[in-house]
Amino acid sequence: MSGLARYFHHLGCVVCGYDKTSTDLTNDLHNEGIQVVFDDHSEYIPLSFQTPDEGTLIIYTPAIPKDSHILNFFRENGFELFKRSQVLGIISKGMFTVAIAGTHGKTTTSTMVAHILKDSGKDCSAFLGGLSTNYHSNVLYGKNNIVVVEADEYDRSFLTLHPDVAIITSMDADHLDIYGDHAHLTESFKLFASQIKPGGTLIHKKGLPLDTGFTYAVEDKADATASNIKIENGDFYFDFKNSNTTITNIRMGIAGMHNIENAVAAIEASLILEVSPDAIKSALGSFKGVKRRFEYIIKNDHQVYIDDYAHHPEELKACIRSVKKLYPGKKLTTIFQPHLYTRTRDFVDGFAEALDLSDELIILDIYPARELPIEGVTSDMILERMKIWNKRRISKQDVVKVIKEEKPELLLTVGAGDIDTLVQPLKQALQDV
C-alpha cells in the first residue's frame with residue numbers, strides 16, 4: 001500500500017492514507033509529504049476526499065477490517081473502491097510484467113529481480129512487498145516498459161495480473177481463513193499460472209503441483225539448479241546452471257540457504273530478460289536484501305542479532321536452519337510473535353515443530369491484525385506442543401527487560417505483526433553495558 005502511495009505521490013497526486021499504528025514506514029511517508037491518519041473515524045478524511053469524482057481514487061487492502069469506519073464511509077457515499085492488486089493490474093497493463101508469487105519467498109525474490117535489472121543497467125519499475133535495503137524504498141521508478149511486481153495470493157489478489165514472466169516460489173497451505181483448505185489455495189495458484197500472456201514464461205520451484213513451466217531447485221535435478229554451495233567468512237557461494245548458461249562461484253550479498261533458492265529463480269528470470277551472466281553475478285554480490293528479511297541488526301564477534309518476517313512454519317524452519325548453519329557453535333534464542341488467531345489454530349503443530357529447532361524460545365501473545373480473538377487459541381497452544389524444555393511466554397512489555405538481563409549471544413526475532421517495534425529497543429538492550 002505504501003508503495004502505491006509513493007507511486008501516485010511521485011506522479012504529482014495528492015495522497016492521504018490511514019493506518020492502525022504509527023511506524024517508521026508511516027513516518028517516512030509523512031516526511032515525503034504524504035498525510036497518514038491513525039484514527040479510524042470518517043471526520044479525519046480530508047475534505048478533498050469526501051466527495052466522489054473522476055479525479056479521486058480510493059485504494060484499500062483486504063487486510064483492513066470489514067467494520068472500518070473509514071472504509072465504510074467510502075462504501076456508503078458512492079465511491080468506487082479498488083483493491084491494491086486491482087490498481088497494480090491497471091498500472092502494469094500494457095507493460096512487460098514480471099510477477100513473483102508464493103506463500104513465502106516472493107518479497108526477497110521480487111526485490112532480487114528488481115535489483116539485478118537496476119544494477120545491470122537493464123532497468124525496471126518495481127512494486128515490492130518490503131523495503132529494499134539497497135534503495136530504501138518499496139517502489140522503484142524505471143525509464144523503460146519493464147515492471148516487477150510482487151503478486152499476493154491473499155484474497156486471490158494476484159488474479160488481477162497478467163504477467164509476461166511469472167515466478168512461483170512456494171504453494172504451502174496458508175490463508176485458510178480465505179481459502180478454506182489447501183486444495184483451493186493450489187487451484188488459485190494454477191489460475192494465476194494460466195494468466196501468463198501468450199509466449200510468456202512460468203518459472204516455479206521443483207515439486208510444486210504445476211503441469212507446465214521451467215523448474216528450479218537447490219542441490220537437485222531441475223531445469224535450473226544451484227550446486228557447490230559453501231560458506232566462507234559468513235558469505236554464501238554457489239554455482240548456477242541451466243541448459244544454456246553456467247555461472248560459477250556466485251557470492252551472495254545476503255545469507256541463508258532459502259535465499260540461494262530465491263536467487264536461482266531470480267537468475268532465470270533475469271536471463272530471460274537478456275541480462276548478462278557477469279552482470280547477474282555482480283548484482284547478487286551487491287544485493288543487500290530486504291528490511292526484516294534475514295536482516296542483521298547486530299553482527300560482531302560477541303553478539304549476533306537477526307530479525308526476520310517469517311510467520312509461517314515453513315518460513316520459520318528455513319530461517320532457523322540458516323541461522324544454525326551460519327553459527328553452529330552458538331546457542332540460539334528465538335523470540336516469536338504469532339500472527340493471526342486463525343493461522344495459529346490451523347498450523348499449531350507446524351509452528352511447534354519449527355520452533356523446536358531453536359535452543360531457547362520466547363513466545364509473545366498472538367498479534368490479531370484484522371481478526372477478533374478465537375476462544376482457546378493462544379500462544380500457549382504452541383508452547384504445549386513443543387519438545388524443547390527451554391521455552392516461555394513473555395509479554396511484549398517485559399521481553400526487552402529480559403533480554404537486557406540475559407544478553408543472549410545469538411538472538412533471532414521472527415513474526416509479521418508489530419514485533420518490528422521491538423527491534424531497536426532489543427538492539428539497545430543487547431548493547432547496554
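**Figure 1. Strands S13 and S14 run antiparallel in this predicted model.** The pairing of S13 with strand S14, which spans residues 246-251, consists of 4 bridges. Phe238 stands opposite Ile250 of S14. The two strands are joined as a hairpin, with 4 residues linking S13 to S14.

**Figure 2. Strand S12 pairs antiparallel with S13.** S12 covers residues 224-232 and is joined to S13 by 6 bridges. Glu232 has Asp235 in S13 as its bridge partner. S12 and S13 form a hairpin with 2 residues between them. In this turn, Asn233 has a positive phi of about 50°.

**Figure 3. Strand S13 is mostly covered.** Antiparallel pairing links S13 both to S12 and to S14. In a regular strand, side chains alternate between the two faces of the sheet.

**Figure 4. The whole chain, shown for context, contains 15 helices and 20 strands.** Its C-alpha atoms fill a box of roughly 60 × 55 × 45 Å along the principal axes. The radius of gyration is 22 Å, which agrees with a compact globule because one of 433 residues would have a value near 22 Å. Of the 433 residues, 54% count as buried. Among contacts between residues at least 6 apart in sequence, 66% join residues at least 24 apart.

**Figure 5. The surface and charges of the chain.** The chain exposes about 19400 Å², and carbon and sulfur atoms supply 49% of this area. There are 45 positive and 59 negative charges, and their mean positions lie 4 Å apart.

Notes
Residues numbered from 1 in each chain as written. Predicted model: local features only at pLDDT ≥ 70, side-chain atom pairs only at ≥ 80, totals over all residues. Heavy atoms only, no water. Rg over C-alpha atoms; globule rule 2.2 N^0.38 Å. Buried < 20%, exposed > 50% of the residue type's maximum accessible area, 1.4 Å probe, protein only. Contact = heavy atoms within 4.5 Å. Areas by Shrake-Rupley, 256 points an atom, 1.4 Å probe, with all protein chains shown as cover. Lys, Arg positive; Asp, Glu negative; His and termini not counted. Charge placed at Lys NZ, Arg CZ, Asp CG, Glu CD. Pairing = 2+ DSSP bridges.
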